Amino acid sequence: MTTASAPAPDTAFDAIPKDDKRITRGWTFYDWANSVYPLVITSSIFPIYWGAITKQLSPETDIVSFLGFKVPGSSLLTYAISAAFLVIALVSPFLTSLADFSGRKKLFMQIFCYLGAASCAALYFFTPSTLTASTFVFISATIGFSGSIVFYNSYLPLISSEEQYDSLSARGFSMGYIGSVLLLVICLGLIMGHDKIGLEESHATRLAFLLTGIWWAGFAQIPFFTLPADPGRPAGAVSDSGWLLNGFRELGKVVDQLEGLPNLKRFLLAYFTYNMGVQTVMYVATIFGDKELHLESTALIVTILLLQIVGILGAYLFAKLSERIGNTRALSWSVFIWMCICVAGYFVQAGWSFYALAAVIGLTMGAIQSLSRSTYSKIIPENTPNTAAFFSFFDVTEKLSIVIGTAVFGVIAQITGSMRNSILSLIVFFILGLLFLLTLRGKKLRDINEADVAAPGPPPATPNVGMPATRS
């Protein structure tokens with residue numbers, strides 16, 4: 001329960017106008033700014049460079065030394081991803097509840113943004129002799145990216161009306177695709193034309209990491225300028241001595257509320273399981289093409305570039321599909337396609353089959369992320385006073401799923417000696433996710449019992465998220 005001395009955290013953000021074009025446009029620019037991390041660092045140039053470095057260190061076996069342990073280079077990368085997301089999963093609930101109560105969402109978003117951008121820039125110093133240190137820098141960049149996304153996502157229900165969630169979320173992802181593709185083209189030109197500007201290929205590649213950090217921090221100034229200023233703690237908030245404890249209290253209230261929100265719990269369980277597979281595929285696809293299919297680095301980067309362009313189309317197509325058949329049905333179809341991707345990934349070979357599979361991944365990867373974010377925004381209680389705490393749970397669910405998914409992938413690859421077995425094993429996560437989604441189909445997803453969070457006034461309408469909206 002909220003004490004008299006600690007008013008509802010997000011009430012200070014109530015003055016933000018809904019669907020203000022300047023604010024929503026500025027908000028989408030953070031996707032433009034930070035999406036260069038998942039494309040350049042996660043999906044394309046960094047994994048290829050990582051593979052080249054580990055190959056230099058161990059040309060025959062791909063076994064490298066890290067903190068005294070001998071591990072395959074490809075598995076070390078997945079373990080680093082797992083470690084990064086485990087850290088953010090542990091700290092983000094505390095930070096987001098603290099940001100909610102303090103009224104300083106933007107400040108925390110900025111802190112993680114600059115941590116991630118600076119870490120990306122620091123990867124410029126990644127060489128064979130700095131493998132261990134650069135692994136930790138990569139972990140730091142991942143923490144910065146993931147941490148800032150928590151606060152970025154929590155703005156969605158504050159700046160947008162519910163009927164605009166799907167389209168605004170899709171627009172944000174599309175902005176991210178466009179911006180990241182633009183930078184990737186610049187980086188690809190720099191790497192392919194390195195000899196013409198008097199650089200070694202490795203030096204040009206490391207410059208791409210530096211440009212990523214500069215791009216991220218630079219374009220982030222647009223949302224930081226257009227999003228409303230942090231209002232700070234509301235009048236009557238607890239004193240500084242009780243601030244930290246109140247952060248945990250706000251998080252505890254969300255836990256209590258989840259007990260009365262069964263549909264929200266079912267969706268989080270579905271998201272947790274299918275997201276294990278989605279995120280793992282996205283994080284390991286490039287290293288899979290490099291180590292397992294032995295594709296040329298240029299072919300890999302061009303493929304990922306085309307994949308991003310297809311992803312823009314996919315995000316909008318599935319947003320339109322959700323308007324016709326409902327969010328959970330659209331998500332169910334997307335998860336089913338990902339099941340097929342796992343089976344195809346086990347048999348794929350270099351050539352047309354790889355490019356066809358990449359096209360399907362591109363079509364569905366943005367769609368499932370965009371729909372998941374907007375669906376969650378529709379399911380959380382409409383008048384909840386602590387959106388960042390609710391999005392903290394969403395974020396923790398995502399991060400823990402990545403921890404498990406990438407760790408399982410790395411362990412299976414290390415034990416069996418083949419990443420194909422790891423890809424095939426991911427189908428289990430998608431099957432479970434689809435089964436949990438099917439329990440929600442045809443239902444009005446927002447639970448009626450919102451007594452603990454409802455604002456004064458008439459009870460809010462319950463949206464028909466699981467089924468297509470009826471028209472008068």
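Biologist: Which residues are buried in α1?

Modeller: This is a predicted model, in which local features need pLDDT of at least 70 and side-chain atom pairs count only at pLDDT 80 or more, while totals for chains, interfaces and linings use all residues. Residues are numbered from 1 along each chain as its sequence is written, and side-chain values use heavy atoms, without hydrogens and water. Buried means under 20% relative accessible area, exposed over 50% and partly exposed in between, with a 1.4 Å probe and protein chains only; helices (H or I, at least four residues) and strands (E, at least two) are DSSP runs, numbered from the N terminus. The buried residues of α1 are Ile23, Thr24, Gly26, Trp27, Thr28, Phe29, Tyr30, Asp31, Trp32, Ala33 and Asn34.

Biologist: How far apart are the end C-alpha atoms of helix α1?

Modeller: The expected span of a helix is 1.5 Å times one less than its number of residues. Helix α1 covers residues 21-34, and its 14 residues should therefore span 20 Å. The computed distance agrees with this, at 21 Å.

Biologist: Why is helix α2 largely enclosed by the rest of the structure?

Modeller: Helix α2 covers residues 36-43, and it is largely enclosed because seven of its eight residues are buried. Those residues are Val36, Tyr37, Leu39, Val40, Ile41, Thr42 and Ser43.

Biologist: Is Pro157 buried or exposed?

Modeller: Pro157 is placed in helix α7 (residues 156-159). Its C-alpha atom is separated by 8.7 Å from that of Lys18, 139 residues apart along the chain. The relative accessibility of Pro157 is 9%, so this residue counts as buried.

Biologist: How much space lies in the largest cavity?

Modeller: On a 1 Å grid over the protein atoms alone, a cavity is a set of points where a 1.4 Å probe fits but cannot get out, and lining residues have an atom within 4 Å of a point. Grid points are joined across faces, edges and corners, and a volume is the space filled by probe spheres set on the points. A search of the whole structure finds two cavities of 30 Å³ or more. The space in the largest is about 880 Å³.

Biologist: Which helix gives the most to the lining of the largest cavity?

Modeller: The lining has 49 residues, and those nearest the centre of the cavity are Pro38, Gln279, Met282, Met365 and Gln369. With nine residues, the helix that gives the most is α12 (residues 262-291).

How values were computed
On a 1 Å grid over the protein atoms alone, a cavity is a set of points where a 1.4 Å probe fits but cannot get out, and a pocket is an open set with protein on both sides within 12 Å along at least five of seven lines; lining residues have an atom within 4 Å of a point.
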